[in-house]
Amino acid sequence: MKLNAHPLVLLAALALAPAAAFCAASSLGHSIPLNKLVTPNGDKRNDTFIFRCYNPKDSAVEGKIFNMAGVEVAAMRLKQRSTGIPAAQYTYGEYYDMEWDPNAGGHKPGGIYLYQVRVETAVYKGTVAVIR
């Protein structure tokens, strides 16, 4: 990965993503992004954006990704539930991990994106940086 190729993207990502949120662990009762810097280069490290939702009532969860112009570019998918078992094999859990892969459904360019995750009446919004 060439960091010197996109210094403005890197600087913007560092300004928008506090160090505590890079690899934060979810506290009981909180919904948080697990990573805010995504490097989708296939090395299995930070290739996708993951948002952990606290969902004790097993309610519907919806996640969307938007570009900076506000246009929806992707829908997040349910990766797994709190048990660590993939969602297709398990039907309940307190935490849902919603995932966005910038390489799925068309290669998304590097840059800053907005996420919006909805759990019942709670809406979580923030930014995620894709660095290529």
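**Close-up views of strands and salt bridges**

View 1. R52 is partly exposed at 22% relative accessible area (buried is under 20%, exposed over 50%, partly exposed in between; 1.4 Å probe, protein chains only). The model is predicted: local features need pLDDT of at least 70, side-chain atom pairs 80 or more, while totals for chains, interfaces and linings use all residues. Numbering starts from 1 along each chain as its sequence is written, and side-chain values use heavy atoms, without hydrogens and water. R52 forms a salt bridge (Lys or Arg side-chain nitrogen within 4 Å of an Asp or Glu carboxyl oxygen) with D97, their closest N and O atoms being 2.7 Å apart. Because R52 sits in strand β3 (residues 49-54) and D97 in strand β7 (residues 95-100), this contact ties together parts 45 residues apart in sequence (strands are DSSP runs of E, at least two residues, numbered from the N terminus). D97 is buried, at 5%.

**View 2. K79 reaches E99.** In this salt bridge the closest N and O atoms are 3.9 Å apart. K79 belongs to strand β6 (residues 77-81) and E99 to β7, so the pair ties together parts 20 residues apart in sequence. K79 is partly exposed at 31%, whereas E99 is buried at 9%.

**View 3. Strand β4 and its neighbours.** Strand β4 (residues 61-66) runs antiparallel to β8 (residues 111-119), joined by six bridges (pairing needs at least two DSSP bridges). Look for F66 opposite L114 of β8. Three bridges pair β4 with β5 (residues 72-75), also antiparallel, and K64 has A75 as its bridge partner there. Five residues separate these two strands in their hairpin, where G70 takes a positive phi near 90 degrees.

**View 4. A charged network.** Salt bridges link E62, K64, E72 and R118. Within this group, K64 and E62 have their closest N and O atoms 3.8 Å apart. K64 is partly exposed at 24%, as is E62 at 38%.

Methods: Helices (H or I, at least four residues) and strands (E, at least two) are DSSP runs, numbered from the N terminus.
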